[in-house]
Amino acid sequence: MGSATIQIGLFLVNAAAGFFVFMLVLRFLLQVARADYHNPISQMLVKITNPLLVPTRKVIPGFGGLDLAALVLALLVSWVAMLISMFITDAAEKLGGLTPALMLDTVIWGVVGLFGLILKVYLWGTFISVIASWVAPNSSNPALILVHQILEPVMRPIRQRMPDMGGLDISPMILILVIVCVEIVITETVSRHAPPFVLGL
């Protein structure tokens, strides 16, 4: 298989899997935040993810109001994408084949990648929220409404612990600093050893 063919194959696999995993993560976070189900973007996520998510829910029940099936399905899609990528690049053969140890490693990397993707959603959501508060503070855009709803469960505890700043809300800045610090730890301790096709890293 030629180099260009390999690169195209990797791009298509990771683009398709990455998009679907991102949709599943968003749906999970929207449910955690109890976001507006009737928002048009929420409805779009439901239509995209339901064909695979509904059957998964029959096997993986929710827990404590959390849609665990969405996370398990996202992990499964990431794992399959990693295996396909390893097959395309012959990485599995170079590592001695798809041994049980290698299969377990890919699952672990999938979990790490999923956590990294959730961090990225919160990070970029916070940036979008801050920028929107400057240029469109009272916007009723459906996307911005959902961004605010996703962020609220993590912003609220920070906001409650902050001293009175005279109306100045610095909770987004604190959240960004925390996420960046966690991402640095992940990069220094995990990402440098990860295979190149882990979604979310």
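Q: Before we start, what should I know about the numbering and the model?
A: Residues are numbered from 1 along each chain as its sequence is written. The model is predicted, so local features need pLDDT of at least 70 and side-chain atom pairs count only at pLDDT 80 or more, while totals for chains, interfaces and linings use all residues; side-chain values use heavy atoms, with hydrogens and water left out.

Q: How much of the protein counts as buried?
A: 39% of its 201 residues. Buried means under 20% relative accessible area, exposed means over 50%, and partly exposed is in between, using a 1.4 Å probe and protein chains only.

Q: What about the accessible surface?
A: That comes to about 11,600 Å², and 71% of it belongs to carbon and sulfur atoms. The areas come from the Shrake-Rupley method with a 1.4 Å probe, and for residues only the protein chains shown count as cover.

Q: Which residues make the nonpolar surface patch?
A: Leu104, Val107, Ile108 and Val111 make a patch of about 320 Å². Patch residues have over 30% relative accessible area and no salt bridge; like charges are joined within 9 Å, and nonpolar side chains (Val, Leu, Ile, Met, Phe, Trp, Tyr) within 5 Å. A salt bridge is a side-chain nitrogen of Lys or Arg within 4 Å of a carboxyl oxygen of Asp or Glu.

Q: Where does Ile108 lie, and why does it count as partly exposed?
A: Ile108 lies in helix α5, residues 100-135. It counts as partly exposed because its relative accessibility is 45%.

Q: Is Gly110 buried or exposed?
A: Gly110, also found in α5, is buried, with a relative accessible area of 1%. Leaving aside its neighbours within four places in sequence, Gly110 is in contact with Leu75 and Met82. Contact means heavy atoms within 4.5 Å.

Q: Switching topic: where is the kink in α6?
A: At Glu152, shortly before the proline Pro153, and the kink is about 50 degrees. The bend at a residue is the angle between axes fitted to the seven residues ending there and the seven starting there.

Q: How far does α6 reach?
A: Helix α6 (residues 142-161) has 20 residues and reaches 29 Å from its first C-alpha to its last, close to the 28 Å expected at 1.5 Å a residue. The expected span is 1.5 Å times one less than the number of residues.

Q: What covers the buried residues of α6?
A: The cover includes α1 (3-32), α2 (40-57), α5 and α7 (171-189). Among the buried residues are Leu144, Val147 and Ile150.

Q: Where's the kink in α2, then?
A: At Asn50, shortly before the proline Pro51, with a kink of about 70 degrees. The buried residues of α2 include Leu45, Thr49 and Leu53, and what covers the buried residues includes α1, α3 (68-88) and α6.

Terms used. Helix = DSSP H or I, 4+ residues; strand = E, 2+ residues; numbered from the N terminus.
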